[in-house]
Amino acid sequence: MYLLLGNAYQGIENYAKALSTYNTALEYFPEDISLNLSLAKVYYKTELFDKAIDNYKKVLENDANNTESLLGLARSYLKKGVPYKSRAYFEEYFTKNEKQDIDALYDFALVHFLSNNMDKSLSYALEVKKVRNDADVNFLISKIYRSQRKYTEAHSAIDIALLLAPDREDIYLTKMLWLAYNTKTAPAAEILVNQYLTKNPNSHLALVIKFTALVMQDKDKEAVDVIKKLENGVRVDNYITAKASIKLINQNTNKYTSFLTITIHEGRNREIRKMFFPNAIHIADRFHVVKAFNDAITSIRTRIIKQE
């Protein structure tokens, strides 16, 4: 009775009631396989992955060949970002599961991608594509190819992903960033990102991509020598900064990019940024460009997963 009631609550996505019902039942039947398995599934759906793992393991203590628990453990560790543990449970799952499971194989390809095992990841992803030729699979294949520096194949695969899911922000923004990082395609990236910004003016990631595209291009603008001015002190936030020591290390092949070292004698909030770019809205360096991109893509991917 408890199991049926809990399953009913789970079916209508009333997970709080389902958890309460399963946990009450387990007070009387702590080793029950069906109860522990159902409870683990709800924990997984509510992103309580540690608790899901505990209950999946309880099932395996009483049924070592329970493939649902093996798959649940593999996916829980994948969600937690522990690919080596996820891979081990996937391997055991495929050994004991006789039926073809394309969705699990896709996840297995993703695990190998996260483990930087690109050859195996590509092999499994291409196998999945024979049966499930959707945007997720092609997007994963594109990222694998790019990791292997097969840029033509990568762009071809991401174009297919966009054709299959034209509204996927994570795919579209990834393509724009790839274009922005190439001097030959940076102008195209700038056009695309400007179009995107007309509809999404507050997109921090799009602004970062635009910054990247602009840096990669040789714009017809003269560089301004600010070193002498900065050394004597400049006005920032209604005060004059102390004198600074600035040294030009080298100038990049792109004549509008230089590498400097600066020594200051005070530590005001974001002083260097304000000294060099007093009117800037966004300032980015290579590390923060990549970090902002990854954070934004993760946020979009998480939102899409929750909607499915």
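Is Tyr 124 buried, exposed or partly exposed? Select it: Tyr 124 is partly exposed, at a relative accessible area of 25%, because that value falls between the cut-offs (buried means under 20%, exposed over 50%, with a 1.4 Å probe and protein chains only). Before you go on, note that this is a predicted model, where local features need pLDDT of at least 70 and side-chain atom pairs pLDDT 80 or more, while totals for chains, interfaces and linings use all residues. Residues are numbered from 1 along each chain as its sequence is written, and side-chain values use heavy atoms, leaving out hydrogens and water.

Stay on Tyr 124, which sits in helix α8 (residues 118-129); helices here are DSSP runs of H or I, at least four residues, numbered from the N terminus. Show its surroundings: skipping residues up to four places away in sequence, Tyr 124 touches Leu 105, Phe 108, Ala 109 and His 112, where contact means heavy atoms within 4.5 Å.

Next, pick Asn 97, in the loop between α6 (83-96) and α7. Asn 97 is buried, with a relative accessible area of 18%. Its side chain reaches the backbone oxygen of Lys 99 at 2.8 Å.

Then select 135-147, which is helix α9. Its 13 residues span 18 Å from first C-alpha to last, close to the 18 Å expected at 1.5 Å a residue (1.5 Å times one less than the number of residues). Colour by accessibility and you'll see a mostly covered helix, with 10 of the 13 residues buried, including Phe 139, Lys 143 and Tyr 145. At the N-terminal end, look for the cap: a side-chain oxygen of Asp 134 lies 3.3 Å from the backbone nitrogen of Asp 136. Just past α9, Arg 149 has a positive phi of about 65°.

Last stop, the largest nonpolar core, with 54 residues. A core is a set of buried Ala, Val, Leu, Ile, Met, Phe, Trp, Tyr and Cys residues joined through side-chain atoms within 4.5 Å. Among the members touching the most others are Leu 140, Ile 141 and Ile 144, along with Tyr 89. Helix α7 (residues 102-114) gives this core its largest share, eight residues. Click Tyr 89 and, leaving aside neighbours within four places in sequence, you'll find contacts including Lys 57, Leu 73 and Tyr 77. Apart from this core lies another, of 15 residues, among them Leu 173 and Ile 300.

Key. Helices (H or I, at least four residues) and strands (E, at least two) are DSSP runs, numbered from the N terminus. A polar contact is a pair of N or O atoms within 3.5 Å; within protein, one must be able to donate a hydrogen and the other to accept it, and residues adjacent in sequence count only if both atoms are side-chain atoms.
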